[in-house]
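Thank you all for coming; I would like to walk slowly through one structure today.

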Amino acid sequence: MTAGVRVLLFGPLRDIAGWRERMVDQAPATVSALKRLLADLDAPLGAALDSPGVKAAVDKTILPGDPTLHPGCEVAFLPPMSGG
Amino acid sequence: MVRLSSTPIDPGALLTGFLEGRRDTGAAVSFTGLVRYDDGVEALELEAYPGFTEPAIADIIAGAIERFALDDALAVHRIGRIPPGAPVVFVAVAARHRRAAFDGADYLMDYLKSRAPFWKKSHEASGARWVEPTPRDHADLARWETMETR
């Protein structure tokens with residue numbers, strides 16, 4: 001278990017960012033704090049994460065509001081799903 | 001049961017396996033979705049979130065089993081890069097009678113098309129583009145949300 005969080009991007013988000021998976025060394029307190037941190041590093045990605053329909057799953061669960069993060073957790077940003 | 005497969009799927013073998021050992025089932029319906037050769041499509045790329053996508057599909061299957069009183073249902077979905085002509089999804093349902101089996105398969109496919117957590121990229125001669133559910137897909141899904149169980 002590390003102190004950081006693992007960030008995963010899906011669908012168009014990974015094309016915008018140019019990566020699929022990244023470790024953020026110090027776990028931000030919440031999903032919105034993580035989004036701000038990512039936006040500071042990459043403004044287009046930040047804008048895409050804030051666009052309508054993008055959901056965040058923490059440890060593979062979508063929770064309402066602004067979920068709290070903990071060291072070692074996994075945060076996935078999920079754009080609108082295409083379906084099968 | 002749900003399975004994501006990064007290798008080609010064999011609908012005939014899947015159906016044979018699904019039918020084995022059934023006693024109460026009087027009707028089984030299967031559906032296979034293929035990648036079409038249209039609009040210069042060179043391949044479809046399906047991305048899933050392993051560990052998240054399967055439980056979401058399992059919930060869809062559980063909903064179908066309850067709604068249509070199915071004996072069983074199976075969904076196998078390809079992920080990764082899939083060439084035209086190849087199966088991308090296989091669904092089979094088993095029920096006591098045919099009407100529930102037809103409806104169950106229809107319902108499962110409509111929900112898979114719009115609600116399953118996949119991200120789909122179409123690689124075409126002119127470039128690649130991300131695909132979202134069509135208005136037709138949403139209309140197909142809406143049928144079940146307004147319809148009473150028969």
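From the N terminus on, the elements of chain B follow the order β-α-β-β-α-β-β-β-α-β-β-α, which amounts to four helices and eight strands; helices here are DSSP runs of H or I with at least four residues, strands are runs of E with at least two, and both are numbered from the N terminus. The radius of gyration of chain B, taken over C-alpha atoms, is 16 Å, close to the 15 Å that the globule rule gives for 150 residues, so the chain is as compact as a globular protein of that length; the rule itself is 2.2 Å times the number of residues to the power 0.38.

Before I go further, please remember that this is a predicted model, in which local features need pLDDT of at least 70 and side-chain atom pairs count only at pLDDT 80 or more, while totals for chains, interfaces and linings use all residues. Residues are numbered from 1 along each chain as its sequence is written, and chains are lettered from A and ligands numbered from 1 in the order in which they are written.

Let us stay with chain B and look at its strands, where two strands pair if DSSP finds at least two bridges between them. Strand E3 (residues 41–48) of chain B runs antiparallel to strand E7 (residues 118–124) of chain B, with seven bridges joining them, and there Ala48(B) stands opposite Phe118(B). E3(B) is also joined by three bridges to strand E5 (residues 80–82) of chain B, again antiparallel, and in that pairing Glu45(B) has Arg81(B) as its bridge partner.

What share of the 150 residues in chain B is buried? The figure is 33%, where buried means that 20 or more other C-beta atoms, placed from the backbone, lie within 10 Å of the residue's own, while 12 or fewer makes it exposed and anything in between partly exposed. Leaving out residues up to four places away in sequence, Ala75(B) touches Val2(B), Ile57(B), Ile61(B), Val91(B), Leu108(B) and Leu112(B), a contact being two C-beta atoms, placed from the backbone, within 7 Å.

A charged residue can also be found inside: Lys113(B), which sits in helix H3 (residues 98–115) of chain B, counts as buried because it has 21 C-beta neighbours inside 10 Å. Beyond its neighbours within four places in sequence, Lys113(B) is in contact with Gly83(A) and Gly84(A), as well as with Pro133(B), Asp137(B) and Asp140(B).

That brings us to chain A, where five strands form an open sheet with mixed pairing, in the order E2-E1-E5-E3-E4. Its edge strands, each pairing on one side only, are E2 (21–24) and E4 (61–62) of chain A. Within this sheet, four bridges join E1 (residues 5–9) to E5 (residues 74–78) of chain A, which run parallel.

Finally, in helix H2 (residues 31–41) of chain A, the residues Val31(A), Leu34(A), Lys35(A) and Leu38(A) are buried. Seen down the axis of H2(A), they fall within an arc of 100°, so they line one face of the helix, the arc being that of the directions from the helix axis to the C-beta atoms.
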